[in-house]
Amino acid sequence: MRNKFLVFGSPLIEQPEINEVVASMKTGWLGTGPKVKRFEEMFAGYKGAKYAMALNSCTAGLHLAMLAIGIKPGDEIIVPTMTFAATANAVIHAGGKPVFADCERATMNIDPADIEKKITKYTKAIIPVHFAGRPCNMDEIMRLARKYRLKVIEDCAHAIESEYHRKKVGTFGELGCFSFYVTKNIVTGEGGMVITNKKEYTDKIKVLGLHGLSKDAWRRFGDQGYKHYQVVYAGFKYNMMDIQAAIGIHQLPRIDKYWQRRKEIWDQYNTSFANLPVFTPALPETNTRHALHLYTLLLDIDNLNITRDQFMDRMTKKNIGIGVHYIALHLHPYYRKTFGYKKGDFPNAEWISERTVSLPLSAKLSDKDIKDVIASVKSILR
Ligand SMILES: *Cc1c(COP(=O)(O)O)cnc(C)c1O
C-alpha cells in the first residue's frame, strides 16, 4: 500500500508561475492590474471570444451572468440537478428560481427532453453544465432556446477545452463561465472567467463586479492623475487579483499538454476497469472534444456487495483520495425544503448519485500514482 495520501484533484504547479507570483509580490501590485488584463486577453484568444472578464470565481461569474441578462424575482431558470451547488445558488442570489431538470444516464448531461417539459411562461433561461468536460447537446439546447425565446448561460467550470461540432463551449449562449479553482483543469487558486461576444454584458459585469463603480474606476490608481468614480449600482467585490492571474498566464499555455496527460490516464483507467462490475465513462460523442475533467466510475452496485460509500472508505484507507460529483441537488436539504423536491423526482440523476465516484485525474499524477489507483480499485472490486 502507498504510504503517502494521494490528494484528489491536486494541481500541477510549475516554477514559472511560482516566479511570477513572487515577482507580483515584489512589485507590490497584488490586486487587479496588468497581469489580469493579460490573462483576460489570453483567455479570450484561446476561446475565440470577443470579451473575457476575469473574476475571483466561476460562482461570481454565474451570479453576474444572471444579473447581466436581467433575471428578476419570479423568473425561472432551468438547471440540471446533477451539478455543483454554485449553478443553482447563483440563480437564487440573482432573485430567480432554479428549476431542476434530469440528466441522461450515459452522458450525465442535462436531458433536453426534460428541459422542454420544465419550461413554463416564467422560464427565462437555461444553464447547461458541460458535465465532467463532456459538451452538452448544444444543437438541441439552442433549438429549444430559439423556440421558447430563452437565454442560455453555459456553466463551463469543467469544460475549458471542450468543443461541440468544432465550436468552443462557452460561445453558444449569451455568456460562458469558467473556473480556475484548485481542482479544475487549469488553476489560479480561486478564480473564474466570463466570456461573451456582447459589449453590453461586458460593461455591466465590469461595473457589477467592482462595487458598482463606474466603468473606468480601475484606472483611478494609475499615473494619469486621480479620477473620481461614481457608484452606479450596489455592486459586488468579485475582481481577480494579479497574484491569481500570475498563475493563470503560465497555466493556460500548458492546457493541451495537461489534457494529453489526462488522456493517457483516462485511457489506462478505461482499459484496466473494463472487466470490473463498473460502468466506465461513455466514449466522447463524434465531432466533440471532451475536456476530461473528471473520470467518473459508476459502480454497478446491483452486482456488488458493497455500496459506493463503502468503496470510498476502502479507497481512503488505501491512501487514495476520491471525490463524488455529485449527489444531485434536489436531494440536498436546502432545495427540498425551499422548492419541495423529493427523492424520486429525477430518476437518472438519483441513479448516478448512488453509484458515482471520481478517481484522481490530475496532470500531476505520476505513473506510480496511476498504478496505485488502478491496483486499489481492482483489489476492492474483485
Ligand atoms: C467548480 C464549479 C463551479 C464553481 O466554480 P468556483 O470557481 O469554485 O466558483 C460551478 N459549477 C460547477 C459545475 C463546478 O464544478
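**The ligand site and a few local features**

An N or O atom in the side chain of Ser179 is 2.7 Å from an oxygen atom of the ligand. That is a polar contact, which here is a pair of N or O atoms within 3.5 Å; within protein, one must be able to donate a hydrogen and the other to accept it, and residues adjacent in sequence count only if both atoms are side-chain atoms.

Before I go on, this is a predicted model: local features need pLDDT of at least 70, side-chain atom pairs count only at pLDDT 80 or more, and totals for chains, interfaces and linings use all residues. Residues are numbered from 1 along each chain as its sequence is written, and side-chain values use heavy atoms, with hydrogens and water left out.

A polar side-chain atom of Lys184 lies 3.1 Å from a ligand oxygen atom. Cys58 contributes through its backbone, with an N or O atom 2.9 Å from an oxygen atom of the ligand. Of the 380 Å² of accessible area that the ligand has on its own, the protein covers 93% (Shrake-Rupley method, 1.4 Å probe; for residues, only the protein chains shown count as cover).

How many residues surround the ligand? There are 16, and the closest are Thr59, Asp155, His158, Ser179 and Lys184. A residue counts here if one of its heavy atoms lies within 4 Å of the molecule. By class, the shell has 7 nonpolar, 7 polar and 2 charged residues; Ala, Val, Leu, Ile, Met, Phe, Trp, Tyr, Cys and Pro count as nonpolar, Asp, Glu, Lys and Arg as charged, and the others, Gly among them, as polar.

Next, the aromatic rings. The structure holds 19 aromatic pairs. Rings of Phe, Tyr and Trp (its six-membered ring) pair if their centres lie within 6.5 Å; planes under 30 degrees apart are stacked, over 60 edge-to-face, and the rest tilted. Phe39 and Phe180 form a tilted pair, at 5.1 Å centre to centre and 55 degrees between the planes.

Last, two backbone points. The peptide bond from His325 to Tyr326 is cis, with omega near 0 degrees. Arg149 is not a glycine, yet has a positive phi of about 55 degrees.
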